[in-house]
Every structure is written in structure tokens, then in C-alpha cells.
Amino acid sequence: MAGYTVWLTHPDNPATSATVTTTTANASYPASNLKSLPIVTRWRSTTVASAQDIEVDFGAAKSVDLIALVNHNLTSGAAVVVSAGTSTAYAEFSAVSMTWREFLAFKWLSTAVSYRYWRIRITDTANTDGYIAVGYLVLGGSTRPTFNFQQGYATSSEFINLQGNSPYGVPAVDEIHRYQIMRLDFGPLTNTEMTVLRNMYAAVKHDTNPLIILPERDGANAYFGRFISWFDERYDAAQRYTSLTFEEDSYGNRR
């Protein structure tokens with residue numbers, strides 16, 4: 001396992017209350033969509049011919065170790081570079097590339113940094129959509145527990161499809177949307193450790209609020225979604241156990 005899990009909940013994401021601007025924006029898909037839910041309500045640029053910046057002003061320095069672009073349309077050849085600083089010169093922290101992953105690009109910093117101004121520069125001139133789109137911006141300090149879930153975790157890919165057959169039985173199947181389901185089993189934990197999970201579950205209020213979670217903080221996967229299981233604790237003397245089932249928010253119609 002590459003490292004312990006980390007997460008950042010929607011209520012604790014400081015990007016949602018920051019000033020966010022972009023180089024260009026379609027009038028029907030403004031930059032303010034980057035701060036709000038659902039993730040299918042996206043910001044769109046008006047072009048891909050030049051680099052597009054997402055600029056964030058926190059108003060004061062904020063600690064950041066997790067950056068993510070949720071529900072993006074970037075191609076695998078896109079370049080996403082993160083910079084930050086004490087001014088809009090972004091000179092103090094620069095040239096950090098973000099990991100590409102379909103739908104969700106992210107970067108986790110092993111050492112958090114604190115700056116007021118942040119810029120995410122996206123270059124994706126080969127994008128055949130003709131625009132760059134992002135549904136939700138994650139930019140903040142993650143929770144780094146000192147414990148982990150039990151060795152291994154289970155995920156399943158769910159595809160919701162529209163299926164029919166011709167009068168002669170020939171199948172016709174189209175993908176509508178997709179998402180991942182993940183189960184994490186925790187324990188044995190002390191009461192202090194379990195309180196960290198209780199607080200996280202209380203922050204998202206079961207499935208009211210989403211969160212981004214990296215099962216392995218140095219790993220290649222990140223997921224944005226909600227818990228679909230109740231927070232049930234099991235006791236064995238001074239040790240505590242729980243299991244949490246997580247479901248990604250849908251990225252919308254893929255047809």
C-alpha cells in the first residue's frame with residue numbers, strides 16, 4: 001500500500017468561498033460553477049487554442065495539500081500546471097504538474113504549502129470539444145489520519161446503460177452514465193481514532209455533502225462522491241470497527 005488515505009469534504013473545501021476567475025468563460029457556463037454543486041454544472045472556456053487559467057484568491061493565505069479538477073473533459077495529453085504565491089505573479093510555488101485521470105485530475109502534496117493566490121494553467125489544444133470544462137474545483141488542506149483502513153479495499157465499476165433489442169433480437173446498448181463504488185473497512189481503532197471518522201461523517205451528514213477521497217495518498221486514484229452506508233460502530237473491548245461504502249457522484253450523461 002502506497003500510504004494512508006486522505007480526504008477533504010465539500011464543507012471544508014476553501015475553494016468554494018474563494019474568488020475564482022478564469023481566462024475565458026462561456027456565458028452559460030461561468031467560472032462560479034467551479035465552486036458549486038452538482039459537478040455536472042460545469043465551467044467552460046470559450047476556446048482551446050490558448051492556455052486557460054483558473055485563478056483563485058483566498059483573501060488570505062490558506063494551507064493546501066490537495067488540488068483536483070472534478071468532472072473535467074481534458075484529454076490525456078493535457079498539461080495542467082499549478083502555481084501559487086503571495087501575489088498574482090505566482091512566483092513562490094510553481095511548475096507542479098497535476099496527475100491526469102479520466103474525469104478527475106488531481107495532485108496531492110506530501111508537504112502542505114500556504115499561499116493566498118493560486119493558478120491552475122490548463123493547456124489542451126488537441127481537445128476536440130473545442131472548450132475546456134471542469135465541474136468542481138478542490139483546493140485545500142486534507143485530513144491526514146494516522147491510521148488506515150484494513151489491508152486492501154474493494155471497488156466496483158457501475159455502468160448504467162440504455163438497452164433494447166430489435167424485433168429480431170439484436171441488442172442495442174448505449175452507456176448513459178458510470179460511477180465507482182468503494183468499500184473501506186476500518187479497525188481495530190481506538191476511540192480517538194474512531195472520532196476522526198465520526199467527525200468526517202458528521203461533516204458530510206451521511207450523503208448530504210460529498211467529499212474527495214484518496215484511498216492511498218501517494219496512489220494513482222481519487223474519487224469524488226458520498227457515503228451510501230450508515231456509520232455503524234462495532235465494539236470489541238477497547239477496540240472499535242466500522243465499514244463505510246462510498247459511491248462516486250455521477251459525471252452525467254455520457255451518450
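Residues 24 or more positions apart account for 73% of the contacts in the predicted protein model with a separation of 6 or more, a contact being heavy atoms within 4.5 Å. The protein has one helix and 15 strands. These elements are DSSP runs numbered from the N terminus, with helices (H or I) of at least four residues and strands (E) of at least two.

The model is predicted, so local features need pLDDT of at least 70 and side-chain atom pairs count only at pLDDT 80 or more, while totals for chains, interfaces and linings use all residues. Residues are numbered from 1 along each chain as its sequence is written, and side-chain values use heavy atoms, without hydrogens and water.

Along the principal axes, the C-alpha trace spans about 65 × 60 × 30 Å. The accessible surface comes to about 11700 Å², and 48% of that belongs to carbon and sulfur atoms. Areas come from the Shrake-Rupley method with a 1.4 Å probe; for residues, only the protein chains shown count as cover. Of the 255 residues, 47% count as buried (under 20% relative accessible area; exposed is over 50%, partly exposed in between; 1.4 Å probe, protein chains only).

Aromatic pairs number 10. Rings of Phe, Tyr and Trp (its six-membered ring) pair if their centres lie within 6.5 Å; planes under 30 degrees apart count as stacked, over 60 as edge-to-face and the rest as tilted. Phe103 and Tyr251 are stacked, because their ring centres are 4.6 Å apart and their planes meet at 20°. Phe103 lies in the loop between β6 (93–97) and β7 (104–123) and Tyr251 in the segment after β15 (239–248), so the pair ties together parts 148 residues apart in sequence. Both Phe103 and Tyr251 are buried.

Tyr136 and Phe224 form a tilted pair, with 5.0 Å centre to centre and 45° between the planes. Tyr136 belongs to strand β9 (residues 136–140) and Phe224 to strand β13 (residues 223–227), 88 residues apart. Tyr136 and Phe224 are both buried. Elsewhere, ring pairs link Tyr201, Phe227, Phe231 and Phe246 into a cluster.

Charges also sit over rings (NZ of Lys or CZ of Arg within 6 Å of the ring centre and within 35 degrees of the ring normal). The charged end of Arg44 is placed over the ring of Tyr29, 4.1 Å from its centre. Arg101 lies over the face of Tyr223, 4.9 Å from the ring centre.
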